[in-house]
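These are my notebook entries on one protein model. I record what I looked up, in the order in which I looked.

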Amino acid sequence: MGSVARSPLDQRERSQGASGGITISGVNHEYRPPRGRPVLALDGISLEVADREFIAMLGPSGCGKSTLLYLVGGFMPLQQGRIVVNGKQVTGPGPDRGIVFQNFALFPWKTVRDNVLYGLEKQRLPKSEREEIAQHYIDMVHLAGFEDSYPSQLSGGMKQRVAIARTLAIKPDTLLMDEPFGALDAQTRSLMQEELVSIWTQSPTTVVFVTHDVREAVLLADRVAVMTARPGRLKEIVDTKMDDLPQSEVMKTRKYLDMVDYTWNLVREEAIAADSEKDR
């Protein structure tokens, strides 16, 4: 029997190999403003994230969630401790880690197709292969027919879909998401949560998801890491993996409701502590 022809996308999927987990060991981070005293943002953070695990980070404002995410992404210098992603120590940004921001961060002068193609062009892939891969992810996020539209012509949810497609197109081993749905209205946010679960099921990767929304964290994540008020430490890691049910059904289960209550109480304690610190 002759060999089966494979598309460039199929070949690329095979060449990537398995994605990897994250090891964070003894990470401290201090902000040092030009004036005033240094501020300790993170204090002794150690965390293991398994390969293809979806973990959410929760905690009060200013607890260092986003700081930790940016350190994993290599966007900030590591002052103390060690971060290893996919077996390699983090020393700076890399294509193995893709990030999705709250504000979409799209190029307004580029179309949907060109925004998704941007990272692929940097990989110097053949044009036909780039276009096939870009179209694959545009289709995955249900934006077929909008390839030639500009960001100004899209809704907030559609813009975030473009941002997710652009990040996934470069096949990062790790997907970092900094409150990606925080700027969306409640209805669009719910739809995007469903979309993310669908996308992650089709293209599983290691995900670190920063959010302020307890319900969102419990609904989406395998585990939720709750952080303390500043300086950020790990207060508790909650196993929130739910039964394999549609999202709308999961939210009706007693297990989900109890887990939301339990996790919210952990976050509430730290939010109260943060407010008390402000009043001093």
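Entry 1, Phe 104. I located Phe 104 in the loop between E6 and helix H3 (112–122). Helices (H or I, at least four residues) and strands (E, at least two) are DSSP runs, numbered from the N terminus. I noted a positive phi of about 75° for Phe 104, although it is not a glycine. Most residues other than glycine have a negative phi, and most peptide bonds are trans. Phe 104 counts as buried, at 14% relative accessibility. Buried means under 20% relative accessible area, exposed over 50%, and partly exposed in between (1.4 Å probe, protein chains only).

I noted the basis of these entries: this is a predicted model, in which local features need pLDDT of at least 70, side-chain atom pairs count only at pLDDT 80 or more, and totals for chains, interfaces and linings use all residues. Residues are numbered from 1 along each chain as its sequence is written, and side-chain values use heavy atoms, with hydrogens and water left out.

I found Lys 171 in the loop between H5 and strand E7 (174–178). Lys 171 also has a positive phi, of about 55°, and is not a glycine. Its relative accessible area is 17%, so Lys 171 is buried. I then turned to Pro 231, in the loop between strand E9 (223–227) and strand E10 (234–239). A cis peptide bond joins Arg 230 to Pro 231, with omega about 0°.

Is Thr 91 buried or exposed? Thr 91 is exposed, with a relative accessible area of 78%. I placed Thr 91 in the loop between strand E5 (88–89) and strand E6 (97–100). Thr 91 and Ala 163 are 72 residues apart along the chain, and their C-alpha atoms are separated by 25 Å.

Two packed helices are described by the angle between their axes and the distance between the axes. I took axes as lines fitted to C-alpha atoms, for helices over the stretch in contact, with angles from 0 to 180 degrees between N-to-C directions. The axes of helix H5 (residues 156–169) and helix H6 (residues 186–202) come within 10 Å and cross at roughly 20°. H5 and H6 are therefore roughly parallel to each other. Angles under 35 degrees count as roughly parallel, over 145 as roughly antiparallel, 65 to 115 as roughly perpendicular and the rest as oblique.

Which residues meet here? Gly 157, Gln 160, Arg 161, Ile 164 and Leu 168 in H5 are in contact (heavy atoms within 4.5 Å) with Thr 188, Met 192, Glu 195 and Ile 199 in H6. By class, I recorded four nonpolar, three polar and two charged residues in this contact. Ala, Val, Leu, Ile, Met, Phe, Trp, Tyr, Cys and Pro count as nonpolar, Asp, Glu, Lys and Arg as charged, and the others, Gly among them, as polar.

The axes of helix H4 (residues 127–140) and H5 come within 9 Å and cross at roughly 140°. H4 and H5 are therefore oblique to each other. Ile 133, Tyr 137 and Met 140 in H4 meet Ala 165, Leu 168 and Ala 169 in H5. I recorded six nonpolar residues in the contact of H4 with H5, no polar and no charged ones.

I recorded nine helices and 10 strands in the protein chain. Of its 280 residues, 49% count as buried.
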